[in-house]
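Here is a short tour of a model for you to follow on screen. Let's look at some backbone details and a pocket together.

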Amino acid sequence: MPKVSIITVTRLRPQLLSQAIESLNAQSSQDFEWIIVNDGEDIATRELISNSQIDFTHTYLEMLHPDKGFGLSYGRNRGVVMAQGDIVTYLDDDNTFKPNFVEETIAFFEHHSQVNYAMPIQQRRRDIVQDGVVVKRGKEFFSPTSDCCTVEDLISHKQLIDSNRFTHRNTKVMSDQKIVDKVALPHHAIKLKNSKLSWDNHSI
């Protein structure tokens, strides 16, 4: 059984997905599974997965794009149902992992048994992409920016986060008492940033 389940929902962007695959192949720890959900049954995405060199355990799913609701949420829910790992995290098709992401994520949750949810500090940039080609590279920045990010910071939008960075233990039942009310404790945030446990973000 893998320690980490990584869920990716993709829709009509195979040219970006290939970078995500490269970052997964480069992981220092292969103790993970990748669940890829093709939202809309895109043929080019299907062919990319079929023809790519994928050196890790993976499960490929297809789904019709829903007429109502948010396809990304439907796809992630399907992925969570399939997840076999102790830890679940999400990688969007236009993002990449640092090579030590899986290794450091496993270590973090093993060393902090009281934590059930986590949000890594993200190394981000916003690129302008046209037809799958980066035409303008954005300036890199980190988020959240502070050493301590509370739930109130997130609700009030004082901190910039993206839901696909969310990482949690794979459990069906969790008591309210176990929920940590801070996304990143101060020493955790410093550790994550210094070890570059972060994401590359290439947004359209």
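L12 is partly exposed, with a relative accessible area of 48%. This is a predicted model, so please read what follows with that in mind.

You will find L12 in the loop between β1 and α1 (14-25). Its backbone deserves a glance too: phi of L12 is near 60 degrees, a positive value in a residue other than glycine.

## Another positive phi

Which loop holds E41? E41 sits between β2 (32-39) and α2 (43-51). Here phi is near 55 degrees, again positive in a residue that is not glycine.

As for solvent, E41 has a relative accessible area of 33%. That value falls between the limits of 20% for buried and 50% for exposed, so E41 counts as partly exposed.

## The largest pocket

Now for the pocket. How much space lies in the largest pocket? The volume is about 180 Å³.

Several stretches of the chain contribute to the lining. V9, T10, R11 and R13 are among the lining residues, along with D39 and H65.

Notes
Residues are numbered from 1 along each chain as its sequence is written. This is a predicted model: local features need pLDDT of at least 70, side-chain atom pairs count only at pLDDT 80 or more; totals for chains, interfaces and linings use all residues. Side-chain values use heavy atoms; hydrogens and water are left out. On a 1 Å grid over the protein atoms alone, a cavity is a set of points where a 1.4 Å probe fits but cannot get out, and a pocket is an open set with protein on both sides within 12 Å along at least five of seven lines; lining residues have an atom within 4 Å of a point. Grid points are joined across faces, edges and corners, and a volume is the space filled by probe spheres set on the points. Helices (H or I, at least four residues) and strands (E, at least two) are DSSP runs, numbered from the N terminus. Buried means under 20% relative accessible area, exposed over 50%, partly exposed in between (1.4 Å probe, protein chains only).
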